[in-house]
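Please read them next to the coordinates.

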Amino acid sequence: MSRRITVDPITRLEGHGRIEILLDDEGNALHALLKVPELRGFESFCVGRPAEEMPTITAAVCGVCPSAHHLASARALDDLFGAPPPPAAARIRELYYQLFLFEDHLLHFFFLGGPDFLTPPGAGPAGRNVLGVAEVLGKETTARLFDLRGRVRACMSLMAGRVVHPVFAVPGGVTRPLEGECLDRLASLAPGMVSFAQDVLALFLEKARAHPLFQTLEQDVDQELQLHSAGLVDGKDRLDFLGETVRVVDPGGEEALRFSPRDYLSHLAERVEPWTYVKFPFLKRPGWKGLTDGRDSGLYRVGPLGRVNASRAMATPLAQQARLLLQREMGGPPLHRTMAYHGCRLLEVLQAAERTQALLDDPLLREREVRCRPAGVRRRGVGAVEAPRGLLIHDYEADDRGILTRVNLLVATVHNAGALHLSVERAARAHVKNFRGDEALLNLVEAAFRAYDPCLACASHAYPGGSSIELVLRDSAGRIRDRLGGE
Amino acid sequence: MDLGLPLAELARRVEILLWPVALDFKKSDVEALPDGDLDAAFINGAIRLSEQEEWAHLLRRKARIVVAVGSCAHLGGIPGLANFRSVESLLRTVYHATPGLDSPSADTPARDLPPLLPAVRPLSQVVKVDYVLPGCPPPTDAIAGAFDALLRGALPPPPAVLAPSKALCDTCPLRDTRPERLELRQGRRLAFESPEMGTCFLAQGFLCLGPGTRSGCGETCIRANYPCRGCFGPVEGVPDQGLALLSALASLLAHLPEEEARSVAEGWPDLPGTLYRYGLPASLLNRLGEERER
């Protein structure tokens, strides 16, 4: 038996992290800690920069969700400069954002998290990836996926200058109106987006019904985390990536709280722990009770599952129909199985596709007035969006010239940090026993955090320099018992 | 990933031994290889932690060719702006001074964590780099082109930046509207005004880093009506992008009396943070700062 086990790097996620599993004397997992050993310090080095540079500076926090940072930042600047975007600008931003959610969620499904259940059980590291998924899907579907994603990304590029690290949103609007060529290309895309989203959802349900990963976890009540859920909603409490209200529901699905993102400091606080660079947010009511679940826990979940639970309905008809089906199949509402994240993500893909189609039919999208000229500088600006991975808040203070004096970023994966810990710990307890942690078992532990689509780059406001996660097994006295693939 | 279908084609022609965001191979798989066994390692990201330094050395040892991919590996990138601060100040802000902290007096995280290095470094300050794919991010066709050249054995002799040697202004779609000297009496900011489409940003008084930035990006930001922020780094043979840009701006203003030139420049706050947006760790300024500290 190997005495040292290391999973290094943990793979198929954005960013850099490590899991430590503490074993009891029989070699069964007792505790697990998810560590993020990276820090970039955007909150420090952005101070002194002109506020209007923030949408492009903070887009570099991350390589997979730059669009979320770009728009959260632009919304904070709308507030800071007192410049609400004109109707066309609001629609251009939203259209871009729906395209982004669509392609980013599909990236997760086919490249990152999906290979855990789209490839056959027992597929080792050589086959459990997008290339293995391509084999399962067959040539035609693979070509359809790459073609659609490529065309969506090309349209985003046309709209935003760059698709990774966009440059089009400015305080009070966007840099230019939408041009004919771009609109034509988008119009030819939208119907295919809706039908592809429906097909992927059907594929998911078929795979989930049959795959042991889902079955194992479904039999294991430990994989149900009884936590609060939070997400932005529209005026009718429907799921809205760019909503103006944060709605929080308790583990029973009852509304516990609603607030404007501006007031987040009244309702959320962050806990610093000495063993990770990531901070743990929690609801001030019920308060910090440690890394634990249950009705009294202050921990909450964001992202697809958090948003579906926190909203009363989807915002589009096909997605709402699919939501009812998914809730029936996955034991909701509210949904508490971590693996249900995958399904909720695909509901959002469908909603994004339907919204794209609706926006393209909106005549206001084509208006030429795309910017409200800022009049002055207020002291503070707060902006929020639902990043693919959950609620993202940018909070700036500036002097009277618009030079930043204080910056706070509360990012999606950070909201989920507590829940991620619990999921990893419970997966470890279910799968790591008698000092055993082989590659296939440890991948099941990795699958638990992959369901969240965590972005550890964002969580440490960092960019991966070389992603790395290490799995360290310790006994209850803190002695290292095992690392997988040891150094 | 944006290569799309050609990715599947590429995967048939090469063996990929490490790609953490998409494949499950681990560090131990790389360590088990003989030194020099990999044809090439494409490395992104700047070096901030001792752990990243170790990764860079490991991959350099195993690979015959090292390619720095993207602005962070090339120049330090936007996270390199942290070099305007000390590590202590970064940690203090994040863990003790941001609003909403439950326990601002709690210990700064450190237990069993790889320490932060004193500064952000580009890859080339840690290991020998053979090629650079510049940009934030490098354009997809440039990445595809590099793979293609690698497979055909058609890469130029190292070291080389795999992009044109000209300045962005020379290939800019707005170049015909660029002035020799700035007629404006005031620098303008995107916060308060919108540039007119189709006219050189500098001619309108908006800061644009085209004069001191390498071409090759396809000018996509410019076409989206957003001025260049310098992600491709300095032009061939120029050691410090910020100084080159400062010099270009100075010559645009040289015809003005000092007072007027000053008032234009005052319209552009935070010149260091803008001219060194992507390149502070690779700059002479950074080196001077470190020498002074020593």
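1. In chain A, β11, β12 and β13 form, in that order, an open sheet of 3 strands with antiparallel pairing. Its edge strands, β11 (380-387) and β13 (404-410) of chain A, each pair on one side only. On average, neighbouring strands of this sheet are turned by 10 degrees against each other, direction ignored. Strands here are DSSP runs of E with at least two residues, helices are runs of H or I with at least four, and both are numbered from the N terminus. Two strands count as paired if DSSP finds at least two bridges between them.

2. The antiparallel pairing of β11(A) with β12 (residues 390-398) of chain A runs over 8 bridges. Within it, A:G383 stands opposite A:H394 of β12(A). Helix α3 (residues 66-80) of chain A packs on the sheet and touches β11 and β12 of chain A (contact: heavy atoms within 4.5 Å). The direction of α3 makes about 150 degrees with that of β11(A); axes are lines fitted to C-alpha atoms, for helices over the stretch in contact, and angles run from 0 to 180 degrees between N-to-C directions.

3. On provenance: this is a predicted model, in which local features need pLDDT of at least 70, side-chain atom pairs count only at pLDDT 80 or more, and totals for chains, interfaces and linings use all residues. Residues are numbered from 1 along each chain as its sequence is written, chains are lettered from A and ligands numbered from 1 in the order in which they are written, and side-chain values use heavy atoms, with hydrogens and water left out.

4. Chain A has 17 helices and 15 strands. Of its 487 residues, 69% count as buried, where buried means under 20% relative accessible area, exposed over 50%, and partly exposed in between (1.4 Å probe, protein chains only). Among contacts in chain A with a separation of 6 or more, 72% are between residues 24 or more positions apart.

5. The largest nonpolar core holds 171 residues, and those touching the most other members are A:Y97, A:F102, A:F109, A:F110, A:M159, A:L186 and A:F204. Helix α4 (residues 87-112) of chain A gives this core its largest share, 16 residues. Apart from it lies another core of 28 residues, including B:L182 and B:L252. A nonpolar core is a set of buried Ala, Val, Leu, Ile, Met, Phe, Trp, Tyr and Cys residues joined through side-chain atoms within 4.5 Å.

6. B:Q241 is in helix α9 (residues 241-253) of chain B and is buried, at 5% relative accessible area. A polar atom of the B:Q241 side chain lies 3.0 Å from the backbone oxygen of B:G230. Leaving aside neighbours within four places in sequence, the contacts of B:Q241 include B:L75, B:T213 and B:P234.

7. Some backbone geometry deserves a check. Most residues other than glycine have a negative phi, and most peptide bonds are trans. A cis peptide bond joins A:G332 and A:P333, with omega about -10 degrees; A:P333 is in the loop between α12 (317-330) and α13 (340-360) of chain A. The bond from B:P158 to B:P159 is also cis, with omega near -5 degrees.

8. Which phi does B:E219 have? The value is positive, about 50 degrees, although B:E219 is not a glycine, and this residue is buried at 7% relative accessible area. B:N225, likewise not a glycine, has a positive phi near 65 degrees and is buried at 4% relative accessibility.

Note on methods
Polar contact = N/O pair within 3.5 Å; in protein donor to acceptor, adjacent residues only side chain to side chain.
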